[in-house]
Amino acid sequence: MPADAKFWSGKIPRDYVSWREVEPTLKSEIGDLGNDPDYVGSPYGQRFRNGATIFPRVLFMVEEQAASPLGTPAGRIRIQSLRGSNEKKPWKDVASLEGVVETEFVRSVATSDCLLPFRLTELPKAVLPLVGDKLVAKGGEIEAYPGLSQWWANAAKLWTELRSSERLELLDRLDYMRNLSQQFPIADLRVVYNKSGMHVVAAKVRARNAVIENGLYWMVPSSEAEADYVCAVLNSPALTQAVQPLMSYGKDERDVAKHVWKLPIPEYDPESDLHRELSQIGRDLSALAADFKVASDTYFPTTRRRFREALDSTPEMARLIQLTGILLADAS
């Protein structure tokens with residue numbers, strides 16, 4: 001491919017317009033192909049996928065409730081909607097759903113709100129219509145599970161009433177772009193990183209019951225060593241510094257998305273001394289991170305900042321920054 005390319009930008013007035021009609025309305029310029037928003041400089045750009053759109057959260061995210069005086073039937077759990085301060089209208093005004101649902105449909109969810117450098121905090125729960133690896137929300141398949149069937153009927157009714165211009169049914173919204181169903185079968189080990197934020201943050205996920213939410217990107221590594229290598233590189237402050245110019249900037253966070261893979265980050269090579277050392281440092285920092293105390297009553301951004309500051313003060317992090325600089329320079 002040439003180093004330079006012509007970029008076209010503008011708004012197309014309607015579908016199925018000929019190029020002859022559109023061309024005069026568009027702006028064109030010659031630019032560096034590396035600035036193409038779809039340009040990928042690392043093979044990991046093709047291996048990471050976005051998580052599932054578990055929204056609106058009031059219909060899915062739940063917390064366990066105490067059993068009624070009569071108890072809860074075996075194999076079921078009493079739950080209600082898990083509410084948060086970031087809910088938007090009209091969903092913030094919706095009354096919490098309550099129900100007794102079969103335990104197998106209450107799954108852990110890895111979200112950006114539980115992601116710290118090199119580790120996850122306790123994962124929240126969600127009601128998801130998954131029988132094994134298969135989504136079910138219609139006909140006799142879901143009716144075989146009365147608890148789930150009732151919860152889903154209530155959730156689908158609210159979705160139909162309150163969705164704005166959205167035309168997808170609730171199940172299709174949940175599995176938009178197959179971002180939920182493509183996660184199955186769930187691997188024993190995955191790596192996740194944040195979709196947005198001021199810093200790139202990554203960790204390993206070992207929970208076989210957990211699905212990944214769309215605030216995160218995920219990948220199945222080929223080995224434990226590769227997982228440690230990827231986590232080390234992504235959590236390096238040198239990596240965040242290198243990728244910041246490539247990301248759009250909002251009020252409180254940057255758009256990480258797949259911009260990080262515009263950097264020439266090579267795939268893990270077990271024959272490389274540099275890659276093996278990065279992997280070992282990732283393993284060491286993961287062990288250190290696992291020992292840090294995380295206060296559940298502290299504002300999460302504060303927890304993440306303190307967590308990062310503690311790791312940044314270690315000799316392992318100082319070495320990681322040095323090695324990441326070498327990795328990016330060698331690959332350029």
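The following legends describe close-up views of a predicted model of one protein chain.

**Figure 1. Overview of the predicted protein chain.** The secondary structure comprises nine helices and 18 strands. Taken along the principal axes, the C-alpha atoms fill a box of roughly 65 × 60 × 35 Å. Of the 332 residues, 45% count as buried. Among contacts between residues at least 6 apart in sequence, 68% join residues at least 24 apart. The chain exposes about 17600 Å², of which carbon and sulfur atoms supply 50%. There are 41 positive and 45 negative side chains, and the centres of these two sets lie 4 Å apart.

**Figure 2. Surroundings of proline 117.** Proline 117 is placed in the loop between strand E8 (115-116) and strand E9 (119-120). Because its relative accessibility is 5%, under the 20% limit, proline 117 counts as buried. Apart from residues up to four places away in sequence, proline 117 touches Val201, Ala202, Asn235, Ala289, Arg304, Phe307 and Leu311. Tyrosine 193 is 76 residues from proline 117 along the chain, and the C-alpha atoms of the two residues are separated by 9.2 Å.

Figure 3. Threonine 111 is found in the loop between strand E7 (106-110) and E8. This residue is buried, with a relative accessible area of 1%. When neighbours within four places in sequence are left aside, threonine 111 is in contact with Arg57, Pro124, Glu213 and Leu216. Arginine 57 also meets the side chain of aspartate 113 in a salt bridge, with an N to O distance of 3.8 Å. Aspartate 113 lies in the loop between E7 and E8, whereas arginine 57 lies in the loop between strand E3 (49-50) and strand E4 (61-64), so the pair ties together parts that are 56 residues apart in sequence. Aspartate 113 counts as partly exposed at 45% relative accessibility, and arginine 57 is partly exposed with a relative accessible area of 30%.

**Figure 4. The salt bridge of arginine 208 and aspartate 188.** The two side chains meet in a salt bridge with an N to O distance of 2.7 Å. Distant parts of the chain are linked by this pair: arginine 208 is in the loop between strand E15 (202-205) and strand E16 (211-212), and aspartate 188 is in the loop between helix H4 (170-174) and strand E13 (190-194), 20 residues apart. With 46% relative accessibility, arginine 208 counts as partly exposed. Aspartate 188, by contrast, is exposed, because its relative accessible area of 53% is over the 50% limit.

Figure 5. Glutamate 224 forms a salt bridge with arginine 206, and the closest N and O atoms are 2.4 Å apart. The pair links distant parts of the chain, with glutamate 224 in helix H5 (residues 224-235) and arginine 206 in the loop between E15 and E16, 18 residues apart. Glutamate 224 counts as partly exposed at 30% relative accessibility, as does arginine 206 at 49%. A network of salt bridges links Lys204, Arg206, Glu224, Asp228 and Arg283. The count of salt bridges comes to 16.

Figure 6. Phenylalanine 60 lies in the loop between E3 and E4 and tryptophan 152 in helix H3 (residues 146-162), so the pair ties together parts that are 92 residues apart in sequence. Phenylalanine 60 counts as buried at 1% relative accessibility, and tryptophan 152 counts as buried at 6%. The rings of phenylalanine 105 and tyrosine 145 have centres 4.9 Å apart and planes at 75°, so that pair is edge-to-face. Phenylalanine 105 is in the loop between strand E6 (98-102) and E7, and tyrosine 145 is in the loop between helix H2 (139-143) and H3, 40 residues apart. Phenylalanine 105 is buried, with a relative accessible area of 0%. One aromatic cluster is formed by Tyr44, Phe48, Tyr193, Tyr217 and Trp261.

Definitions and conventions. Residues are numbered from 1 along each chain as its sequence is written. This is a predicted model: local features need pLDDT of at least 70, side-chain atom pairs count only at pLDDT 80 or more; totals for chains, interfaces and linings use all residues. Side-chain values use heavy atoms; hydrogens and water are left out. Helices (H or I, at least four residues) and strands (E, at least two) are DSSP runs, numbered from the N terminus. Buried means under 20% relative accessible area, exposed over 50%, partly exposed in between (1.4 Å probe, protein chains only). Contact means heavy atoms within 4.5 Å. A salt bridge is a side-chain nitrogen of Lys or Arg within 4 Å of a carboxyl oxygen of Asp or Glu. Rings of Phe, Tyr and Trp (its six-membered ring) pair if their centres lie within 6.5 Å; planes under 30 degrees apart count as stacked, over 60 as edge-to-face and the rest as tilted. Accessible areas come from the Shrake-Rupley method with a 1.4 Å probe; for residues, only the protein chains shown count as cover. Lys and Arg count as positive and Asp and Glu as negative; His and the chain ends are not counted. The place of a charge is taken as NZ of Lys, CZ of Arg, CG of Asp or CD of Glu.
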